[in-house]
Amino acid sequence: MPRAFVTHFNGPALCKLQGPTGKYWDVKLEEKNNEIFFHKGWKKFLKDNFLDEGDFLVFNYDGDSCFNVTIYDESACEMDMEVAKTKRSGGGRRRDHISPGESRIIEFNSKHFCFKRTFTKHKLYQLTIPIKIVRAKLQMSKQILELRDPKNMSWPVTVTPMPHDRLLITTGWSDCCKANQIEEGHTIVFEFVKGHVKLHIFRAEGCNVILTGPNFVD
């Protein structure tokens, strides 16, 4: 870990890393020569996420002994885990997309409230939050909600009350979509973590994202 971060880190010797799919890994921290390193469990994290030389990782510490990890490949784009699995695991034929008519299942596990949307042209401009999440996490009034994209950039969006206890994301959402190159057919998981909503973008054609965990809304 960078020394500038370590001076502000008072967490325990065991932490959790949350990968791009929402899965968690337990990793022990080890101190050597006044520096802290990821130790036991780190190699498994690397292997399970198909990491290779040249990949770039962003660690976002949530203050609760957990790091949310976003992975970028050599192209500086967020890594498509399904493509990485095919290319780097040594099994199957290499390909950068899923053939027409074929589907892949991606399991996204989270302890937080979350929901997913596969986007149509209409949803690129406004989006409805499920009632269950509205009642559990949000107030029924017009407010600003903070979204964070995979690069950890913040996108404040306006949330407007609608009939039947619904909330509609409007102003600011289309700007977020444009900046993150979200297009029709892409699937996004909205994960309600502390103080903001983390966006997980799945771009692979034909991928089927399955949400698991105690608080998902499908």
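Is Arg 148 buried, partly exposed or exposed? Arg 148 is partly exposed, at a relative accessible area of 22%; buried here means under 20% relative accessible area, exposed over 50%, and partly exposed in between, with a 1.4 Å probe and protein chains only.

This is a predicted model, in which local features need pLDDT of at least 70 and side-chain atom pairs count only at pLDDT 80 or more, while totals for chains, interfaces and linings use all residues. Residues are numbered from 1 along each chain as its sequence is written, and side-chain values use heavy atoms, with hydrogens and water left out.

**View A. Arg 148 and Glu 146 form a salt bridge.** The N to O distance between the two side chains is 3.0 Å. A salt bridge is a side-chain nitrogen of Lys or Arg within 4 Å of a carboxyl oxygen of Asp or Glu, and the count under this rule is 3. Glu 146 is partly exposed, with a relative accessible area of 24%.

**View B. Lys 16 and Asp 26 form a salt bridge.** Their side chains meet at 2.7 Å, N to O. Lys 16 belongs to strand 1 (residues 14–18) and Asp 26 to strand 2 (residues 24–32), so the pair ties together parts that are 10 residues apart in sequence. Helices (H or I, at least four residues) and strands (E, at least two) are DSSP runs, numbered from the N terminus. Lys 16 is partly exposed at 36% relative accessibility, and Asp 26 is partly exposed at 45%.

**View C. Strand 1 and strand 2 pair in the antiparallel sense.** The pairing covers 5 bridges; two strands pair if DSSP finds at least two bridges between them. Leu 17 faces Trp 25 of strand 2 across the pairing as its opposite residue. The two strands form a hairpin with 5 residues between them, and Gly 22 in the turn has a positive phi of about 95°.

**View D. Strand 2 and strand 3 (residues 35–38) run antiparallel.** They are joined by 4 bridges, and Glu 30 stands opposite Phe 37 in strand 3. This hairpin has 2 residues between the strands, and Asn 33 takes a positive phi near 50°.

View E. Asp 48 is partly exposed, with a relative accessible area of 25%.

View F. Cys 15 is buried at 1% relative accessibility, and Cys 176 is buried at 0%.

**View G. Asn 152 has a positive phi of about 70°.** Asn 152 is not a glycine, and its place is in the loop between strand 9 (143–148) and strand 10 (154–162). Asn 152 is partly exposed, with a relative accessible area of 31%.

**View H. Gln 181 has a positive phi of about 55°.** Gln 181, which is not a glycine, lies in the loop between helix 5 (173–179) and strand 12 (187–193). Gln 181 is exposed, with a relative accessible area of 58%.
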